[in-house]
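Open the model in your viewer and keep the sequence panel beside it. The tour below goes stop by stop, with a selection for each.

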Amino acid sequence: MSVETSQTTFSVLLLIISLTEAQDCSQPCACPADPPLCPLGTSLVLDDCGCCKVCARQLGEPCSLLEPCDHHKELYCDYALLSDTETGICMAQEGQTCDLGGVIYRSGESFQPSCKHHCVCMNGEIGCVPMCASDIRLPSPDCPYPHRIQIPGKCCEEWVCGETPQDHHYQSVVAGPSQIHPLPSSNPVTGFRPVFPHGPLGESPKDNCIVQTTEWSECSATCGMAISSRITNDNQRCQLERQTRICMVRPCNSQQEKEIKKGKKCVRTPKAQQGIRFELSGCSSTRLYKPKFCGVCTDNRCCTPHTTITAEVEFRCPEGDVFMKKMMFIKTCSCHHDCPQDNDIFLALNTRTMVGDYDNDM
């Protein structure tokens, strides 16, 4: 063997060793001071060495111990697809595909059906986040009639100040005329009481705020974990904002029909017989719960929440992160023929009123 060949072989061995060391977990953790900013829809996860927070690799992308796949989307690193045993390809767990407008998406696949939504298919279910801001502009003395307009060449609508009122536009932007609590005034809508020039100093916007709050919307899915929302200005700045809470009307594939008693057509509000942990994006509730759910009927009626409470639930993720989420808990359900339309994630949510909802520390 020549000297040149020996040097080449030695260089290749050094390269293999350095790559192997880069991908194993024997090296000390060396993480950046600030975690990376991940693209919309990409999870920030702990690498498989338990060292650093990294942006999860997505379906079809290369992966390794230091660049794990997005487990929140049920992706895993398949090392059998490449000859390099240190690098794999992110693949989806066996799951149902999603059909949206005749287009089939694989489980774990991300896509944008329009410029306004970023979606992901997860085992037959489609979840989407809006790409456009959902902020609400409150009328003010210098802008008494704000409204949204479509700008040519831009995807998202933008707020402008109009000179004349739009017919019911403020109410339709917030939640519809049947949901907004009307203000006791015939003047242009405003969230503030008058403040005189020589009034008391040190007041915050909340001191002069007339609280406006819509009802909670219906749960965005008829089974499994979903989202409910409302609009309110009950905050320190007296500015309208969208609040969300997670909700579960009933578990999927729960076979509630078996619980209907003989001679009855519905099971209205069944309760979980055993304690369960709620699952959200791969994270689990730290407590066990025995929640009530809405049941089913055999006469084409559907059962939906009627009386609910909202409480904080603590979740813990596999990488150790802990976070709190507001969640809807059902007290009673009603069964009726005014059923929500299924399978269209872009339809406006139903506006059936839920009564007696209040925050509760469970």
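Stop 1: Select the three strands ordered 3-5-4, an open sheet with antiparallel pairing. Its edge strands are strand 3 (62-63) and strand 4 (75-78), each pairing on one side only. Strands here are DSSP runs of E with at least two residues, helices are runs of H or I with at least four, and both are numbered from the N terminus. Two strands count as paired if DSSP finds at least two bridges between them.

Before going on, note the ground rules. This is a predicted model, in which local features need pLDDT of at least 70, side-chain atom pairs count only at pLDDT 80 or more, and totals for chains, interfaces and linings use all residues. Residues are numbered from 1 along each chain as its sequence is written, and side-chain values use heavy atoms, with hydrogens and water left out.

Now show strand 4 with strand 5 (residues 88-92). Four bridges link them in the antiparallel sense. Pick Asp78: its bridge partner in strand 5 is Ile89.

**Stop 2: Pro68.** Move to the loop between strand 3 and strand 4, where Pro68 sits. Is Pro68 buried or exposed? Pro68 is buried, because its relative accessibility is 5%. The cut-offs are under 20% relative accessible area for buried, over 50% for exposed and partly exposed in between, with a 1.4 Å probe and protein chains only.

Select what surrounds it. Beyond its neighbours within four places in sequence, Pro68 is in contact with Val45, Leu46, Asp47, Asp48, Val54, Ala56 and Arg57. Contact means heavy atoms within 4.5 Å. Then draw a distance to Cys49, 19 residues apart from Pro68 along the chain: the C-alpha atoms are separated by 9.6 Å.

Zoom in on strand 8 and strand 9, a hairpin with two residues between the strands. Three bridges join strand 8 to strand 9 (residues 117-122). Click Ser110, and its bridge partner in strand 9 is Val120.

**Stop 3: Gly224.** Go to the loop between helix 2 (169-174) and strand 13 (226-232), which holds Gly224. Gly224 counts as buried, because its relative accessible area is 14%.

**Final stop: the whole chain.** Zoom out. The protein chain comes to two helices and 19 strands. Of its 362 residues, 32% are buried. Among contacts between residues at least 6 apart in sequence, 48% join residues at least 24 apart.
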